[in-house]
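This report describes one protein model in plain terms.

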Amino acid sequence: MARKKSGKRGKAAKQAKQNAEYEREDLKKAPHTFVIARGKVGNNVGQLVKDMRRVMEPFTASNLKVRKKNVLKDFVAVAGPLGVTHLVIFTKTDKGVNMKFSRLPRGPTLSFKVDSYALCKDVLSTLKRQQTYASQFQHSPLLVLNNLAREGMHFKLMSTMFQNMFPSINIHRLKLNTIKRCVLFTYDPDTNMVDFRHYNIKVVPIGMSRGVKKLLQSKVPNLKKYEDVSEYILGGGNLSESEAEPDGDQNEVDLPQQVAGRGNEASQKSAIRLTEIGPRLRLQLVKIEEGLCEGDVIFHQFVTKSAKEIEELKERREEKKMIKAQRKAEQDANIKKKEQLKEENKQRSLAGIKRKQKDNTAVNEENPEDSSDDDTKYYRQEVGEEPDADLMLSRTSKRKPGRQDFSEKRKRPRSESRPQGAHGNRNFKKPRREGPGKPGFKGQKGGFKRKQFDEGKGTGEQKKFGPKGKVYRVKGTKGPMKGKRSR
């Protein structure tokens, strides 16, 4: 019986299909961003990088691992296959924190000085009720640019860069339930600063009393303090200050679609409320470069150069490029030269090996008997006799001509004066040596010899005396015995 194919069914299959459609339409066309830090930035700036990645979700690498040895070229190399279009770089110097927005792969690059910043945890700690949940970051935020439509090339480049970092909105296909967050860039002409804010979007119904609104949006409250439900409704429903926020024309809209939440029906008025979730940045534009963190400076906030100085900088930059290209060409030529020499040495070595093999073959053909590997012929040549059949092995071995065969070396005849076991047998006794010798040894003239004493100590007792008359061995006695040296 054939098995059924396993797969997702029901709600899971529907959700997977929706996710696949969303990936096909949005992920491929939407701009993707890398948020990284270069150099030593510290814990606070490192946390700011993580918060900024949170803002750019879902079209960013939230868990991107950056090593110390990684350079800018590494990110540019992988940006193409992964579809990454923008790069946000944080750096830290003695003067402060810097932030760069770059368009991959050829620029331009906008360099900002971070005048001040606040992390997400700092912003959320000031709120009475935090409006953060996981589904907020499943869709990209809504971009709002305020007061950036000004005269000047740098304003146009700023607004274009910020717009291209976030996916565009198709009004006809937009679903209001996917808009959960908002990113705001506001330019302050008095301070020449750009304020960055990140908000959560909440839609609440209007046109009803606060008590009824709370009944619709939350669970049934505890009404034991009231005699009638009308007291609760007319009394405002014990709303907090944040819940009792007054609505007006500035935040009321007619909903074209039904939005998640009780009371948010289509073609009815609802109020939009924003809650800041962080991070918070205050940026100052310093300069705009033509390339990716290099190239001609299109705009500089503090430095102004004449046309002559700009021309000199271009010539100097072109000269550096020429020197770099020349050095690279020299390196490539050196590499090719080394590879060529290596190949020549290899061919020369192979030719020498072949020539040596030919010489050895010619020598073997001239002297076929010397190259014979027959043990019988070798034995006949060295010994001069015919070998016994039992002594020869069935397997033959190759021997070089004129080399001594140590396996057939004759053993030296053993001397009669050195009986077997003289070196390895403990019980072998060396014969006594007569004549003059060293003092205190056997055979010394006028010295002592082994004697037997029968003086009532028992027969068969034997003593051995050292040079000073001390006993060092006793046989046939019990316990140690003392004696004097006899003369």
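What does the accessible surface of the protein chain come to, and what percentage belongs to carbon and sulfur atoms? The accessible surface is about 37100 Å², and 49% of this surface belongs to carbon and sulfur atoms. Areas come from the Shrake-Rupley method with a 1.4 Å probe, and for residues only the protein chains shown count as cover.

The model is predicted: local features need pLDDT of at least 70, side-chain atom pairs count only at pLDDT 80 or more, and totals for chains, interfaces and linings use all residues. Residues are numbered from 1 along each chain as its sequence is written, and side-chain values use heavy atoms, with hydrogens and water left out.

Of the 487 residues, 24% are buried (under 20% relative accessible area; exposed is over 50%, partly exposed in between, with a 1.4 Å probe and protein chains only). Contacts are heavy atoms within 4.5 Å. Of the contacts between residues at least 6 apart in sequence, 60% join residues at least 24 apart.

Strand E1 (residues 32–37) is largely enclosed by the rest of the structure, because five of its six residues are buried. E1 runs parallel to strand E2 (residues 84–92), and six bridges join them; two strands pair if DSSP finds at least two bridges between them. Alanine 37 has phenylalanine 90 in E2 as its bridge partner.

| Residue | Relative accessibility | Class |
|---|---|---|
| Asparagine 200 | 1% | buried |
| Leucine 142 | 26% | partly exposed |
| Leucine 274 | 46% | partly exposed |

Asparagine 200 is in strand E7 (residues 193–205). Its side chain makes a polar contact of 2.5 Å with the side chain of glutamine 136 (a pair of N or O atoms within 3.5 Å; within protein, one must be able to donate a hydrogen and the other to accept it, and residues adjacent in sequence count only if both atoms are side-chain atoms). Beyond four places in sequence, asparagine 200 touches residues including Gln136, Arg273 and Leu274.

Leucine 274 belongs to strand E9 (residues 269–276).

Leucine 142 lies in strand E5 (residues 142–146). Leucine 142 and isoleucine 179 are 37 residues apart in sequence, and their C-alpha atoms are 6.7 Å apart.

Technical notes. Helices (H or I, at least four residues) and strands (E, at least two) are DSSP runs, numbered from the N terminus.
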